[in-house]
Amino acid sequence: MPIASRFAPIVFLVLLPLLVFWRLIFAGEVLYWGVPLTQFYPWHTLINQALAAGHLPLWTDLLGNGAPLLANHQTAFFYPPNLLLRLLPVEHALGYLVVLHIIGAGLAAWIWGRALHLDNLGCSVLALSYALGGYVVGRTQFITMVAAYAWLPFLLALTERLAKRQSALDIVWLGGALGMQFLAGHAQTWFYGVVLLLLYVIYRTRRVRPLFMMLLAVSVALALAAVQVLPTAELTLYSQRTNGVDRDLAMMYSYWPWRLLTLLAPDLYGNPALGNYAGYANYWEDHAYIGVLPLLLALLAMLRWGRHRWMQFRGQMEPVSVLERWDAGAPQPFFAALVVVAIVLAMGNHTPIYPLLFQYVPGFNFFQAPARLMLWFAIGASTLAGIGIHRFRLSYRVQYGARLTLAGALAAFVVAWVAGRGGLASSLVYTPALERMAILLVLACAVLLLRGRASNDSDARVARSPLPHPVWQVLVVILVGADLAIAAAPLTPTISAELYRMTNPVTAVLNSSVPARLHVDAAYQYELMFNRYFTFKRFGRADLHYWQSLRTSLLPNLNAVDGIACTGNNDPLVVGRWRNLLEHLRADSPSTTERLLQLMNVGFVLTRKPLPGWQAMGSIPHLHRLPAPWPRAWLVEHSQVVHDAQQVLAQVIEPGFDLRASVLLESPLPLPTVPDSLGAIQNATLASSFDPPSLSLHEEFNRRTIRVTTTRPAYLVLAYTYYPGWHATVDGQTVTVARANYAFMALPLSEGSHEVVLQYRPSSVLWGACISGLTICMLTGVIAYQARYGQNFVLS
């Protein structure tokens, strides 16, 4: 029995998520709704293809006229658990990773509870409310966010350890865990976690040395993850977020204040799984439900701590726990304040506070969706719930309040039932959610009342419990688990894996033509994604035929799965100048649109509003062919140097400037000189080289090979995104790759036949790998030294 009582809660933490997500684990179904289909599956398909060809997945030419792949933080290529994506079919591995990390979040929260000296019941409530809380189960489609979320309780446990022991080994373990969380692939969650840990160590110790050690641990984490940090930082410098996120975009998905009511009734405004969500923005960004009983326990923990401090102030004493012997560093006030701060900041532009943080505190201006600060609420409220049940004692006051709440809940159920069936409720309110809330409040209060009087309590006004204490503990865990499991189960839509295995018939049509890219009109893409398939009101039916039409739609990044090059790139970070060209495509005149499409090597466009002269391809709805698309590489003789980027962009857009005859450079790039006797060759000879047949182009992973012949010195202009790390050789001799035509590439050629090889070898990856490797060696050395000459690291 002692062994069973010790391990049964942990087994329950493992089995319950398997039950909630049984379709992903046992039924062979897969994630599909939202970013698993349009982002994570294409990214990891490209990664696996590169590895199968014997290359690192550094770059892809299939997205956005070429884009970094490994530098995209959310690919999380170096995150060890993502090895599953290399060994198993990607569509199944994505679901397994989500379930694995939700189980991991529960186990990490259990460890955090042990660091707080909570008993099994306290750890169980903390772990369940964190691992199956609304913040994470509402975001199961965001695989990297779930992965980073799982590490936070373990990081708090290690931070608590560092605050107590302040040893070098604590820095190593905390730095290593922080590095793993960064490699998990979600920078926003990592940043919010680091801020939380810094605040906690300041509160917990109020000394400079532990804070310095914490900052050292963050430095160790960045060094350990440098192989990902440096490429991502380089991409950020060249991205649309160089100076942070646009303020309006950043305030998108601010926590709707009325959603505070859903902390008790999560479906008060409907649920996309039911097809009736009527609240502000979307459901999952504001979803922070931790369960009715855990929420009550969190409130009781705060009230009990306040009463304890008040009695101390009055000189009265009562029995105290280990938690309350922490004096000024006790966790209750910190996490109570954290819950309040999280709610206020998450409201974003609904209050004046977060905009000030966004403007004046470095780091916050790089992220959107302030509602994601409810991460702090998730860990804060769950921690308080664990403390609340650990210290719960049914006093007369608590008994009176529970009975009063129970009576109020019964009355609320009757009112909700009558209003719902009598047509009296608002159209925004889903009355069955109120009924469910009332039932859960009744059950929660009944369970608290069943705790009965403690054995050392002489207050006869409190009845003794009719249940043995172990039975009551099991009842608490079952109620919390059932409440959260029922709320979580519908929020992860799944479908047959056949969705990912079908062949796209459009691929053969597009690949049979000259090498030209596909462009998806922004209005068409928005309509298809957010008005048809991914509406915030409903998930839609899990009909395989219905979703196959999206799978074959060639929307970014689905085009990459079929090997079709596209100008679109549905990534969080993209090259900024390329993004600016797309903005002009959407906003400028039809003539500018067509000019930029030609510059981008576009031969096909998906749109409902084609321009005159575009040929409709009748077999494929809304797909149009452009007449005479420009090639991906061509030769020009003349160049014009313009040092200002905005002036270059204006020249690119200017209809009078012939981009087929001249190239725009931002720094001088001289052509090889030729004897004067050859200078009389007619320009017409060179002009013919603009035609695609004069060039032979072969694309591989991280490499392009071009064979070209020119009768005089010329610039080879490439319709590929300019980005640092590309190196070119002409007949084995290194040449300079210059930025051309605002966002693309050019390099000089002499007369004659040449083999041009462009290879992507980013120094950021090389330096990052060296730093990460050295850091691993150093950390291993510290651990080995401590194991031999010092104390082993053992978590209490």
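A salt bridge is a side-chain nitrogen of Lys or Arg within 4 Å of a carboxyl oxygen of Asp or Glu. This structure holds 22 of them. The model is predicted: local features need pLDDT of at least 70, side-chain atom pairs count only at pLDDT 80 or more, and totals for chains, interfaces and linings use all residues. Residues are numbered from 1 along each chain as its sequence is written, and side-chain values use heavy atoms, with hydrogens and water left out.

Start with helix α8, residues 143-165. Helices (H or I, at least four residues) and strands (E, at least two) are DSSP runs, numbered from the N terminus. Threonine 159 lies in α8. Its relative accessible area is 0%, so threonine 159 is buried. Buried means under 20% relative accessible area, exposed over 50%, and partly exposed in between (1.4 Å probe, protein chains only). Not counting residues up to four places away in sequence, threonine 159 touches Leu174, Leu197, Tyr200, Val201 and Met214. Contact here means heavy atoms within 4.5 Å.

The same helix holds a salt bridge. Glutamate 160 and lysine 164 meet at 3.7 Å, N to O. They are separated by about one helical turn, because they sit 4 residues apart in α8. Glutamate 160 is buried, at 1% relative accessibility. Lysine 164 is partly exposed, at 42%.

Now the interior. A nonpolar core is a set of buried Ala, Val, Leu, Ile, Met, Phe, Trp, Tyr and Cys residues joined through side-chain atoms within 4.5 Å. The largest such core has 264 residues, and Trp547 is among those with the most contacts inside it. Helix α8 gives the most to this core, with 14 residues. Leaving aside neighbours within four places in sequence, tryptophan 547 is in contact with residues including Tyr32, Trp33, Ile495 and Phe534.

Glutamate 755 pairs with arginine 707, the closest N and O atoms being 2.7 Å apart. Glutamate 755 lies in strand β19 (752-760) and arginine 707 in strand β13 (703-710), so the bridge ties together parts 48 residues apart in sequence. Glutamate 755 is partly exposed, at 31%. Arginine 707 is also partly exposed, at 46%.

Finally, a sheet. Strands pair if DSSP finds at least two bridges between them. Here 4 strands form an open sheet in the order β5-β6-β8-β7, with mixed pairing. Its edge strands are β5 (517-520) and β7 (615-616), each pairing on one side only. Strands β7 and β8 (623-625) run antiparallel, joined by 2 bridges. Glutamine 615 has arginine 625 in β8 as its bridge partner.
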